[in-house]
Amino acid sequence: MEMIIAGLLDSISPVSLIYVFVGVAVGVLIGAIPGINGPMAIALFIPITYYMTPLTAIGFLVGLNKGAFFGGAVSAVLLRTPGTPEAAATSWDGYPLTQQGKGEKALRMALYSSVAGDFISTVVLIVIAAPLAAIALFMGPSEIFALISLALTVIAGIGTTSIGRGLIAAGFGILIGLIGTEPVTALPRLTFDVYQLGSGLSLIPVAIGLLAFSEILLQLEKFSGKGGGQQCTHEFSNKPEDRFLPLKEFFQSFKTLLRGSAIGIGVGAMPGLGAPVASFMSYDQAMKRSKHKEEFGKGRLEGIAASESANSSVVASSLIPLFVLGIPGNLAAAMLMGAFMIHGMQPGPLLFKENAQLMYGIYGSLLLASLFLLVIGRFGLRFFCKAVNIPAMILYPIVMFTCIMGAYLGRSSMFDVGVMLTFGFIGYFMRKFDYSYVAFLIGFILAPEWERALQQVVIISEHDTFMFFQRPVAMGLMVLCIFVIARTFWNSFKEGRKKRAIAAEQAKNG
Amino acid sequence: MTRIKRDTIAYLLIIGFSLFLLTWAIPLYTPAYPGYGASASLVPNVSVGVMLFMACLALVFIGVSAYTKKPMPVEEREFPEDLSDDGGFTQVGRLNLPHLAKIMIPCVLLVVGIEYIGYELASFAFLMVIQYVIGCRKWVQSLLVAIILTAVLYIVMRYGFGVPVPGPQIFE
């Protein structure tokens, strides 16, 4: 007990508080820029933490990551150019609200959902990290393969009115995700003799191109249509009901928020899935369970709550396998693992035994980071909204150029800029033809892990066709996967039949 | 061109592309089976197979609708009246290829230009051109935006992140 109190007291020391605060603030600014996300920010600032104490260093870096997740939502809501891939779902309802003059309200919902999801996830991390990690220990390649299959089938229908086009986009995304080095033979695959493709396509330029750049191309069309000299900016309403988010309205989405947090915690604790998967799954579930499905995508606050609570929950829950097993669950956790090792600590089962006071200090810093995110976000809202009032003639070139340079920053490679422009071009066509860029992106992200799990299953089982029957959890997940596919197709078929009947009726009536 | 005609062409292109991948690209550019595990071409073939199957299925539906003279739902036949303003996931609409070219060509020239004339000049030229293309005719404003943005990104990359600035260096 003394250890817990000592650890928590360490976390509220003035130095520690300042670093966590600065970390969150910098993270929010960085996350709003397309091309720079939490893991990148952590990688860039790790050298600065060499001279800090372990507690302040980890607190700063975790604050950075948390701030970046909310920062991605700022540009998603106000400009529809998500700063981070996981904020794409936030833009679906956030941007329509901005178009209606309710951008500040949308940002408030994003902030409060982000903080709530993050706080819930941090509490779960503190309370049940060890039991959850014990379950994760039983997840073998079969379970991971089945889980990713389920994630792919659930997400295929998002972002398009046609499940067929969603599956085409997902298939294309998986294909692109497999470009690079084949995991078993370590030989190049689908690189077309281009050496830069040997390590595959990086997520950042693909995501910037698909999510941000293609959106800019579409938004700039409005200027072409209305005449080049006209400046279009979004006006923010001054009415209190359009600016503020009453508690009553916030709590209307509370169930969605809790569900999103649960999805984020589950997804974050599983290695390999990532925040974008959590965000899209949560959004999909919120839409399916809502009584107002038709309002999603047109400015429904519930959509923002679903996306933000899920993606923010991943931040803390991804630390579960890191702290307890020493296995980083995602890129940000891998960066933090590096930070731990720089400061002489080895994440894993012995971490709590050897550094108990420090670990409780880190937990305290995690909770404080959530609080600071609320404060910074709340006071930064006005500033963010004013930033969008910059004339469009200035704003869009800035955003475009930032996208281009953001794509360059990841690997200091102009090839990545070319990739970004290519996927911006592809993304433009995907949006115009109603092919789900979300399904594409998820397929792209999950393909390497999916194939790796499959290869492991095949090799371990020595080509045993009935290997899944020996793994009940994997078997259950595959059955669920088949059920989801069948249900999605059946619902799509029923809806298509209804629409065709209406069309036939309209044609008959002339 | 109606939406259904455009979609039909798109499905045909997807089918052609899928067949190209299945018959030539994947067999040529995937490693041979090493004798253990799953073949390197398994997952690529499955993903392309899904694309091919769904495109063929969609064409069958369109064909059946045309043959039985049962009209497709209006939202699948025609474009939404309000281009890109329907909000949400889909932004279905007509292509605007001249606009696309006007934006993409300067971007491509920037990428090429950086390698030859350096980041500073190429970025400045790009920002001036793109502002003109978007419709800004205020030269002083354009000049200031181009200079300030180029300088800020230079400082951020070089001194903030310690990342090498792309292309040949003018100020070294």
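Read along the sequence, chain B has the pattern α-α-α-α-α-α, that is, 6 helices and 0 strands; helices are DSSP runs of H or I with at least four residues, strands are runs of E with at least two, and both are numbered from the N terminus. The model is predicted, so that local features need pLDDT of at least 70 and side-chain atom pairs count only at pLDDT 80 or more, while totals for chains, interfaces and linings use all residues. Residues are numbered from 1 along each chain as its sequence is written, and chains are lettered from A in the order in which they are written.

Helix H5 (residues 119–134) and helix H6 (residues 139–160) of chain B have axes that come within 9 Å and cross at roughly 140 degrees. Axes are lines fitted to C-alpha atoms, for helices over the stretch in contact, and angles run from 0 to 180 degrees between N-to-C directions. H5(B) and H6(B) are therefore oblique to each other, a class left after under 35 degrees (roughly parallel), over 145 (roughly antiparallel) and 65 to 115 (roughly perpendicular).

In contact terms (C-beta atoms, placed from the backbone, within 7 Å), residues including Phe124(B) and Leu127(B) of H5(B) meet residues of H6(B), among them Val145(B) and Leu149(B).

The table gives the make-up of both contact sets.

| Residue set | Nonpolar | Polar | Charged |
|---|---|---|---|
| H5(B) with H6(B) | 9 residues | 4 residues | 1 residue |

Ala, Val, Leu, Ile, Met, Phe, Trp, Tyr, Cys and Pro count as nonpolar, Asp, Glu, Lys and Arg as charged, and the others, Gly among them, as polar.

Terms used
Contact = placed C-beta atoms within 7 Å.
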